[in-house]
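Hi,

Here is the structure I promised to pass on. Have a look at it first, and my notes follow below.

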Amino acid sequence: MKILITAGPTREYIDPVRFLSNRSSGKMGFAIAEAAVARGHEVTLISGPVLLGTPPEVTRIDVESAEEMLAAVRRELSGNDALVMCAAVSDFRPRIQACHKLKKSAMPPVIELIGNPDILQCVKPQKSGRIFVGFAAETDNIHVEAERKLHEKGLDLIVANDIKEPDAGFEADTNRVILVYPDREPEPLPLMTKFDLGGKLIEFIELKAEKSHTN
Ligand code: C5P
(Lines give C-alpha, C1' and ligand atoms only; values in the text may rest on other atoms or scores of the structure.)
Protein backbone atom coordinates (compact mmCIF):
# COMPACT_ATOMS: atom_id res chain seq x y z
CA MET A 1 0.00 0.00 0.00
CA LYS A 2 0.94 3.65 -0.30
CA ILE A 3 0.75 5.36 3.07
CA LEU A 4 0.94 9.09 3.80
CA ILE A 5 2.07 10.00 7.32
CA THR A 6 2.42 13.41 8.98
CA ALA A 7 4.72 13.98 11.94
CA GLY A 8 6.13 16.59 14.28
CA PRO A 9 4.94 20.04 15.29
CA THR A 10 4.18 23.01 13.06
CA ARG A 11 5.71 26.46 13.48
CA GLU A 12 3.61 29.57 13.23
CA TYR A 13 5.85 32.59 12.75
CA ILE A 14 5.37 35.91 14.55
CA ASP A 15 8.35 37.32 12.64
CA PRO A 16 11.30 35.60 10.88
CA VAL A 17 12.91 34.55 14.19
CA ARG A 18 10.01 34.02 16.60
CA PHE A 19 7.30 31.42 16.37
CA LEU A 20 4.56 29.53 18.22
CA SER A 21 4.94 25.77 18.30
CA ASN A 22 4.46 22.76 20.60
CA ARG A 23 6.37 19.93 22.27
CA SER A 24 5.99 17.29 19.54
CA SER A 25 9.34 15.57 18.82
CA GLY A 26 8.11 13.75 15.70
CA LYS A 27 9.17 10.38 17.16
CA MET A 28 5.72 8.76 16.89
CA GLY A 29 5.17 9.68 13.23
CA PHE A 30 8.72 8.65 12.26
CA ALA A 31 8.25 5.32 14.08
CA ILE A 32 5.02 4.69 12.13
CA ALA A 33 6.90 5.44 8.89
CA GLU A 34 9.64 2.93 9.85
CA ALA A 35 7.08 0.30 10.80
CA ALA A 36 5.21 0.78 7.51
CA VAL A 37 8.42 0.35 5.48
CA ALA A 38 9.31 -2.75 7.54
CA ARG A 39 5.92 -4.22 6.57
CA GLY A 40 6.61 -3.59 2.86
CA HIS A 41 4.65 -0.39 2.22
CA GLU A 42 5.61 2.72 0.26
CA VAL A 43 5.74 5.71 2.62
CA THR A 44 5.59 9.48 2.17
CA LEU A 45 6.32 11.37 5.39
CA ILE A 46 5.32 15.02 5.70
CA SER A 47 7.22 16.41 8.64
CA GLY A 48 7.27 19.63 10.61
CA PRO A 49 10.64 20.81 12.01
CA VAL A 50 12.18 17.91 14.00
CA LEU A 51 15.68 16.70 14.91
CA LEU A 52 15.29 13.25 13.37
CA GLY A 53 16.97 11.57 10.40
CA THR A 54 14.82 10.28 7.54
CA PRO A 55 14.20 6.53 7.93
CA PRO A 56 15.56 4.46 5.00
CA GLU A 57 13.27 4.13 1.96
CA VAL A 58 10.95 6.90 3.16
CA THR A 59 10.13 9.88 0.92
CA ARG A 60 10.24 12.93 3.19
CA ILE A 61 8.64 16.31 2.60
CA ASP A 62 9.59 19.05 5.09
CA VAL A 63 7.11 21.79 5.97
CA GLU A 64 6.90 24.42 8.68
CA SER A 65 3.42 25.91 9.13
CA ALA A 66 -0.01 24.27 9.32
CA GLU A 67 -0.93 25.89 6.00
CA GLU A 68 2.16 24.38 4.35
CA MET A 69 1.28 20.99 5.85
CA LEU A 70 -2.28 21.27 4.54
CA ALA A 71 -1.01 22.09 1.04
CA ALA A 72 1.37 19.09 1.11
CA VAL A 73 -1.33 16.70 2.38
CA ARG A 74 -3.78 17.94 -0.29
CA ARG A 75 -1.13 17.43 -3.00
CA GLU A 76 -0.02 13.96 -1.87
CA LEU A 77 -3.32 12.41 -0.77
CA SER A 78 -4.59 11.35 -4.20
CA GLY A 79 -1.56 9.07 -4.69
CA ASN A 80 -2.02 7.31 -1.33
CA ASP A 81 -4.32 4.61 0.10
CA ALA A 82 -4.16 5.75 3.73
CA LEU A 83 -3.44 8.87 5.76
CA VAL A 84 -2.04 8.80 9.29
CA MET A 85 -2.27 12.32 10.77
CA CYS A 86 0.20 12.05 13.60
CA ALA A 87 1.43 15.67 13.42
CA ALA A 88 0.69 18.03 16.29
CA VAL A 89 -0.68 20.81 14.11
CA SER A 90 -0.85 24.24 15.78
CA ASP A 91 -4.48 25.19 16.21
CA PHE A 92 -3.69 28.92 15.90
CA ARG A 93 -1.31 31.26 14.13
CA PRO A 94 -0.56 34.95 14.70
CA ARG A 95 -2.96 37.10 12.67
CA ILE A 96 -0.06 39.30 11.57
CA GLN A 97 3.23 37.70 10.55
CA ALA A 98 5.93 40.37 10.23
CA CYS A 99 8.39 39.88 7.36
CA HIS A 100 11.26 41.49 9.31
CA LYS A 101 12.38 40.99 12.91
CA LEU A 102 10.27 43.04 15.28
CA LYS A 103 12.22 45.34 17.58
CA LYS A 104 11.73 44.56 21.25
CA SER A 105 10.14 47.99 21.64
CA ALA A 106 7.75 47.28 18.71
CA MET A 107 6.67 43.91 20.08
CA PRO A 108 2.96 44.09 20.92
CA PRO A 109 2.16 42.99 24.50
CA VAL A 110 -0.72 40.90 23.12
CA ILE A 111 -0.42 38.74 20.01
CA GLU A 112 -3.69 38.29 18.17
CA LEU A 113 -4.26 34.74 16.98
CA ILE A 114 -6.47 33.29 14.26
CA GLY A 115 -7.49 29.66 13.82
CA ASN A 116 -5.57 27.36 11.48
CA PRO A 117 -7.47 25.10 9.10
CA ASP A 118 -8.12 21.59 10.41
CA ILE A 119 -6.25 19.42 7.91
CA LEU A 120 -8.36 16.29 8.48
CA GLN A 121 -11.60 18.26 8.08
CA CYS A 122 -10.27 19.88 4.89
CA VAL A 123 -9.38 16.57 3.22
CA LYS A 124 -12.47 14.67 4.47
CA PRO A 125 -14.25 15.20 1.11
CA GLN A 126 -11.34 13.41 -0.63
CA LYS A 127 -11.48 10.37 1.69
CA SER A 128 -13.51 8.04 -0.62
CA GLY A 129 -12.03 4.54 -0.10
CA ARG A 130 -8.99 5.78 1.84
CA ILE A 131 -8.28 4.85 5.44
CA PHE A 132 -7.80 7.79 7.83
CA VAL A 133 -6.13 7.47 11.23
CA GLY A 134 -5.84 10.39 13.65
CA PHE A 135 -4.29 11.07 17.05
CA ALA A 136 -5.69 12.75 20.14
CA ALA A 137 -3.27 13.92 22.82
CA GLU A 138 -5.38 14.68 25.87
CA THR A 139 -4.96 15.61 29.51
CA ASP A 140 -8.62 15.11 30.60
CA ASN A 141 -11.72 13.13 29.54
CA ILE A 142 -9.63 11.08 27.10
CA HIS A 143 -12.42 8.77 25.87
CA VAL A 144 -15.00 11.50 25.41
CA GLU A 145 -12.61 13.83 23.58
CA ALA A 146 -11.25 11.04 21.36
CA GLU A 147 -14.73 9.89 20.34
CA ARG A 148 -15.80 13.44 19.52
CA LYS A 149 -12.74 13.94 17.28
CA LEU A 150 -13.17 10.49 15.67
CA HIS A 151 -16.69 11.44 14.51
CA GLU A 152 -16.03 15.10 13.70
CA LYS A 153 -13.01 14.26 11.56
CA GLY A 154 -14.58 11.15 9.96
CA LEU A 155 -11.79 8.76 11.02
CA ASP A 156 -11.49 4.96 10.88
CA LEU A 157 -9.39 4.98 14.05
CA ILE A 158 -8.15 7.53 16.57
CA VAL A 159 -5.16 6.89 18.80
CA ALA A 160 -5.76 8.57 22.15
CA ASN A 161 -3.12 9.12 24.77
CA ASP A 162 -2.83 10.78 28.14
CA ILE A 163 0.09 13.15 27.74
CA LYS A 164 0.36 13.59 31.53
CA GLU A 165 1.88 10.10 31.81
CA PRO A 166 5.72 10.30 31.86
CA ASP A 167 6.37 7.22 29.66
CA ALA A 168 3.79 8.17 27.04
CA GLY A 169 3.48 11.09 24.68
CA PHE A 170 5.78 13.79 23.44
CA GLU A 171 9.51 13.09 23.80
CA ALA A 172 9.31 9.44 24.97
CA ASP A 173 10.37 6.38 22.92
CA THR A 174 7.35 4.55 24.33
CA ASN A 175 3.64 5.23 24.30
CA ARG A 176 0.56 3.97 26.13
CA VAL A 177 -2.60 4.56 24.13
CA ILE A 178 -6.24 3.65 23.73
CA LEU A 179 -7.41 2.81 20.21
CA VAL A 180 -10.88 4.26 19.65
CA TYR A 181 -12.95 2.95 16.72
CA PRO A 182 -16.29 4.05 15.21
CA ASP A 183 -17.78 0.54 15.30
CA ARG A 184 -16.33 -1.34 18.28
CA GLU A 185 -15.29 -1.00 21.90
CA PRO A 186 -12.17 1.08 22.69
CA GLU A 187 -8.99 -1.00 22.97
CA PRO A 188 -6.51 0.07 25.68
CA LEU A 189 -2.98 -1.08 24.77
CA PRO A 190 -0.12 -1.75 27.21
CA LEU A 191 3.00 0.42 27.30
CA MET A 192 4.97 -0.30 24.11
CA THR A 193 7.67 1.22 21.92
CA LYS A 194 6.52 3.74 19.34
CA PHE A 195 7.84 1.37 16.63
CA ASP A 196 5.66 -1.49 17.93
CA LEU A 197 2.64 0.81 18.17
CA GLY A 198 3.39 1.93 14.59
CA GLY A 199 3.29 -1.76 13.54
CA LYS A 200 -0.13 -2.19 15.19
CA LEU A 201 -1.55 0.86 13.39
CA ILE A 202 -0.21 -0.33 10.04
CA GLU A 203 -1.66 -3.77 10.72
CA PHE A 204 -5.06 -2.11 11.34
CA ILE A 205 -4.76 -0.28 8.00
CA GLU A 206 -3.84 -3.52 6.19
CA LEU A 207 -6.80 -5.42 7.69
CA LYS A 208 -9.23 -2.57 6.99
CA ALA A 209 -8.07 -2.39 3.35
CA GLU A 210 -8.35 -6.17 2.97
CA LYS A 211 -11.92 -6.09 4.36
CA SER A 212 -13.03 -3.29 2.05
CA HIS A 213 -11.64 -5.23 -0.95
CA THR A 214 -13.58 -8.37 -0.03
CA ASN A 215 -16.85 -6.43 0.65
O1 C5P B 1 -8.31 18.54 17.50
P2 C5P B 1 -6.97 17.94 17.75
O3 C5P B 1 -5.83 18.82 17.33
O4 C5P B 1 -6.74 17.39 19.11
O5 C5P B 1 -7.04 16.66 16.79
C6 C5P B 1 -5.99 15.82 16.65
C7 C5P B 1 -5.98 15.17 15.27
O8 C5P B 1 -6.35 16.12 14.26
C9 C5P B 1 -4.60 14.71 14.91
O10 C5P B 1 -4.71 13.57 14.10
C11 C5P B 1 -4.03 15.92 14.17
O12 C5P B 1 -2.97 15.56 13.32
C13 C5P B 1 -5.24 16.43 13.42
N14 C5P B 1 -5.26 17.87 13.19
C15 C5P B 1 -5.41 18.37 11.90
N16 C5P B 1 -5.41 19.73 11.66
C17 C5P B 1 -5.32 20.60 12.69
C18 C5P B 1 -5.20 20.11 14.02
C19 C5P B 1 -5.16 18.75 14.22
O20 C5P B 1 -5.52 17.56 10.97
N21 C5P B 1 -5.32 21.90 12.44
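Which residues in the largest nonpolar core touch the most other members? They are Ile5, Ile32, Val133, Leu179, Leu197 and Ile205, out of 31 residues in that core. By nonpolar core I mean a set of buried Ala, Val, Leu, Ile, Met, Phe, Trp, Tyr and Cys residues joined through side-chain atoms within 4.5 Å; buried is under 20% relative accessible area, exposed over 50%, partly exposed in between (1.4 Å probe, protein chains only). Apart from this core lies another, of 25 residues, including Met69 and Phe132.

Before you read on: this is a predicted model, where local features need pLDDT of at least 70, side-chain atom pairs count only at pLDDT 80 or more, and totals for chains, interfaces and linings use all residues. Residues are numbered from 1 along each chain as its sequence is written, and side-chain values use heavy atoms, with hydrogens and water left out.

Now the rings. There are two aromatic pairs, counting Phe, Tyr and Trp (its six-membered ring) with centres within 6.5 Å; planes under 30 degrees apart are stacked, over 60 edge-to-face, the rest tilted. Tyr13 and Phe19 are edge-to-face, because their planes meet at 70°, with centres 5.5 Å apart. Tyr13 is partly exposed at 22%, and so is Phe19 at 33%. The tilted pair is Tyr181 and Phe204, 5.7 Å centre to centre with 45° between the planes. Tyr181 is buried at 7%, and Phe204 is buried at 11%.

Tyr181 also has the charged end of Arg184 over its ring, 3.8 Å from the centre (NZ of Lys or CZ of Arg within 6 Å of the ring centre and within 35 degrees of the ring normal).

Cheers
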